[in-house]
Amino acid sequence: MHETRLFYTPVWRDDLDVPESNWTLRRELMLNRITALAAEGLGVQKTNFGGWQSPDDLYRYPEFQWLIGRVMALGNEIAPAFSAKQRFDDGILWANVNRRGDFNAVHTHPDAVLSGVVYLKAERREQGVIQFFDAREGSPTAQWRCYMDLKDGTPLTDFVHEVEPREGCILFFPGWLKHWVTPNTTDSERVSVSFNIRLS
Ligand SMILES: [Fe+2]
């Protein structure tokens with residue numbers, strides 16, 4: 001029987017820590033800049049409960065130029081799925097530092113077509129995982145679970161999808177996709193850089 005998939009919800013992932021990227025050095029430079037900004041007290045309060053979130057203008061700093069290039073290049077591989085212009089050409093990025101007990105509340109990125117995150121410091125899942133929630137109205141499969149024994153682990157029946165952070169990994173997802181970051185239950189900080197990509 002033929003199946004038509006309506007309204008799918010993609011999450012894309014790739015690795016930035018490939019041998020030719022000089023990742024180890026670039027990562028260290030980005031982390032140093034984030035540490036310096038945090039020490040200056042330049043932070044904002046948005047989705048973070050506890051923790052530290054930088055202003056969304058990291059593009060001002062030379063340490064992030066390479067990352068911006070990678071984000072836009074990978075974003076533009078996805079762009080034809082979204083954009084009549086076939087290109088994204090505008091965006092913002094900011095850093096997140098979650099220490100013990102810190103988390104990011106459930107949110108979307110309503111002012112972005114495409115959003116994402118890069119992990120700079122994340123050794124294990126206890127530092128916090130990102131969980132995406134079923135984008136369908138009212139999470140129907142979450143409700144059905146009250147009445148019937150559903151299969152687990154399929155795109156049709158799942159209502160939450162979790163991605164463990166891994167240093168050097170980059171995720172992209174539509175800005176409308178609801179997500180949160182679970183609390184860091186360790187004494188090791190978790191550092192990531194988030195971004196929003198738009199059409200100008
Ligand atoms: Fe987010």
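From the N terminus on, the elements of the protein run β-α-β-β-α-β-β-β-β-α-β-β-β-β. Counted up, the secondary structure comes to three helices and eleven strands; helices (H or I, at least four residues) and strands (E, at least two) are DSSP runs, numbered from the N terminus. The radius of gyration is 18 Å, close to the 16 Å that the globule rule gives for 200 residues, so the protein is as compact as a globular protein of that length. (That radius is taken over C-alpha atoms, and the globule rule is 2.2 Å times the number of residues to the power 0.38.)

This is a predicted model, where local features need pLDDT of at least 70 and side-chain atom pairs count only at pLDDT 80 or more, while totals for chains, interfaces and linings use all residues. Residues are numbered from 1 along each chain as its sequence is written, and side-chain values use heavy atoms, with hydrogens and water left out.

**Overall size and burial**

- Taken along the principal axes, the C-alpha atoms fill a box of roughly 55 × 40 × 30 Å.
- Of the 200 residues, 43% count as buried; buried means under 20% relative accessible area, exposed means over 50%, and partly exposed is in between (1.4 Å probe, protein chains only).

**The iron site**

- Which residues hold the iron ion? His107, His109 and His179 coordinate the iron ion, each through NE2, at 2.1 to 2.2 Å.
- Donors here are N, O and S atoms within 2.8 Å of the metal (3.2 Å for Na, K and Ca), and water is not among the atoms, so sites may look incomplete.
- Along the sequence, the donor residues follow the spacing H-x1-H-x69-H.
- Histidine 109 sits in the loop between strand S5 (103-107) and strand S6 (114-121), and histidine 179 is in strand S10 (residues 179-181), so this pair ties together parts that are 70 residues apart in sequence.
- Are these two buried or exposed? Histidine 109 counts as buried at 6% relative accessibility, and histidine 179 is buried too, with a relative accessible area of 3%.

**The five-stranded sheet**

- Five strands make an open sheet in the order S2-S5-S10-S7-S8, with antiparallel pairing; two strands pair if DSSP finds at least two bridges between them.
- Strand S2 (48-49) and strand S8 (160-163) are the edge strands, as each pairs on one side only.
- S2 and S5 run antiparallel and are joined by two bridges. Phenylalanine 49 stands opposite phenylalanine 103 in S5, and asparagine 48 stands opposite asparagine 104 in S5.
- Two bridges also join S5 to S10, again antiparallel, and here asparagine 104 stands opposite valine 181 in S10.

**Out on the surface**

- Tryptophan 144 lies in helix H3 (residues 140-144) and is partly exposed, with a relative accessible area of 40%.
- Leucine 6, in the segment before strand S1 (12-15), is exposed, with a relative accessible area of 58%.
- How far apart are leucine 6 and tryptophan 144 in sequence and in space? They are 138 residues apart in sequence and 20 Å apart in space, C-alpha to C-alpha.
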